[in-house]
Amino acid sequence: DFFVTDRLEAQEGMHMISMEEFLKRQQSEVEIWRRPNATDFWGQKLWRYLKKSADVKPEYSGQVVAMGRLNPTAETKAKDAEALKKQAAGRKVAAYDSKAQNARHVHFPAGGKHRLLNHFYAFGFFGDPQQRSFYRRLIRDSMRYRDEIQCAGARVVDAVRAHSRRLGNDGTFYALHIRRGDFQFKAVKISAGEIVENLRGNSIIPRGALVYLATDDPDGVCKGCWANKKPCKDQLGVEGCPKDASWDAFVRNGWHVTVLRNYTEATHGTNPNYFGMVDSIVCARAAVFAGTWFSTFTGYIHRLRGYHGLGEETYYHSTGKVDLARSPKSIGSG
């Protein structure tokens with residue numbers, strides 16, 4: 001719903017069909033026991049059918065999937081092994097074997113060892129550098145947000161820059177993605193004071209800066225926050241439930257804090273389901289960005305910033321992880 005796929009569909013060698021068309025084909029092209037009795041499945045019923053009927057359900061979670069060259073030499077094998085070791089960063093390597101290659105229906109259930117909750121470039125490895133670059137560029141150039149999202153994001157970026165100019169900052173702004181709510185990684189759900197400390201006061205984001213917060217907690221009250229399967233309101237101070245959930249420490253550090261809801265004119269008429277994507281576009285254009293470790297949303301913003309040439313001004317605000325987005329060493333799936 002968030003992406004347009006017309007450019008992918010136009011790519012030579014790329015064949016795409018809808019789920020409805022796939023189910024129609026299944027009704028006539030596979031064994032009787034695998035045929036669906038409808039073509040308009042959705043939700044749990046669809047997931048159960050796909051899981052039951054698939055030829056292969058790879059278990060790639062937490063691994064790197066290696067796709068070697070077609071005709072490797074001794075020299076390229078050695079180079080590829082070194083590159084794979086660097087990308088794997090200690091993770092197990094799984095081969096894209098003939099069973100998966102020859103399967104008619106490959107399905108990745110969204111759970112257990114099947115779940116691929118990371119970015120394609122973190123778990124997929126191509127031995128051939130040209131092939132590696134081709135697929136990275138294909139995703140960069142072909143997988144993009146719908147125009148409605150892109151345009152809303154551009155309007156908000158303009159509005160935030162205008163806000164910055166009113167503060168005397170020449171249109172420059174900074175951004176943080178702060179994930180709270182039901183995020184399962186407790187160690188990175190920290191207070192604003194800890195974020196300021198991790199970002200070394202004003203050494204990364206200067207005093208007087210306009211700081212845009214992309215967060216599921218714009219009020220700074222940790223509404224709906226959970227840890228240890230309990231609401232934070234009942235256990236303030238435990239890991240994952242900061243005693244002070246407010247953003248006051250940012251203000252004390254000299255930052256002007258703002259959030260998406262302050263730019264209603266720019267988002268007027270935009271589907272609220274797209275607001276998270278709009279947040280990502282705004283963060284991608286900030287002079288400096290710091291995100292939440294373990295968050296794939298932060299990871300996607302990092303990638304967008306790389307496309308814009310802003311990768312060197314990209315950080316994490318999580319304890320012990322601040323500079324890892326800028327490290328020349330692979331950090332695995334984080």
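In this predicted model, the buried residues of helix α7 are Arg132, Leu138 and Ser142. Viewed along the axis of α7, these buried residues fall within an arc of 135°, and they therefore line one face of the helix. The buried residues of α7 pack against several elements, namely the helices α1 (6-10) and α4 (74-88) and the strands β1 (3-4), β4 (124-126) and β5 (144-145).

The length of α7 can also be examined. The helix comprises the 14 residues 129-142, which at 1.5 Å a residue should span 20 Å; the C-alpha atoms at its ends are 20 Å apart, in agreement with that expectation. At the start of α7, the backbone nitrogen of glutamine 130 has a side-chain oxygen of aspartate 128 within 2.9 Å.

Attention now turns to a sheet. Five strands form an open sheet with parallel pairing, in the order β10-β7-β6-β11-β12. Its edge strands, β10 (256-259) and β12 (314-316), each pair on one side only. On average, neighbouring strands of this sheet are turned by 25° against each other, with direction ignored.

Within the sheet, strand β7 (residues 210-215) runs parallel to β10 and is joined to β10 by 4 bridges. In general, strands of a sheet pair through backbone hydrogen bonds. Valine 211 stands opposite valine 257 in β10. Helix α12 (residues 275-284) lies across β6 (174-178), β7 and β11 (289-291), and runs at about 145° to β7.

Technical notes. Residues numbered from 1 in each chain as written. Predicted model: local features only at pLDDT ≥ 70, side-chain atom pairs only at ≥ 80, totals over all residues. Heavy atoms only, no water. Helix = DSSP H or I, 4+ residues; strand = E, 2+ residues; numbered from the N terminus. Expected span 1.5 Å × (residues − 1). Buried < 20%, exposed > 50% of the residue type's maximum accessible area, 1.4 Å probe, protein only. Arc of directions from axis to C-beta. Contact = heavy atoms within 4.5 Å. Polar contact = N/O pair within 3.5 Å; in protein donor to acceptor, adjacent residues only side chain to side chain. Pairing = 2+ DSSP bridges. Axes fitted to C-alpha atoms, helices over the stretch in contact; angles between N-to-C directions.
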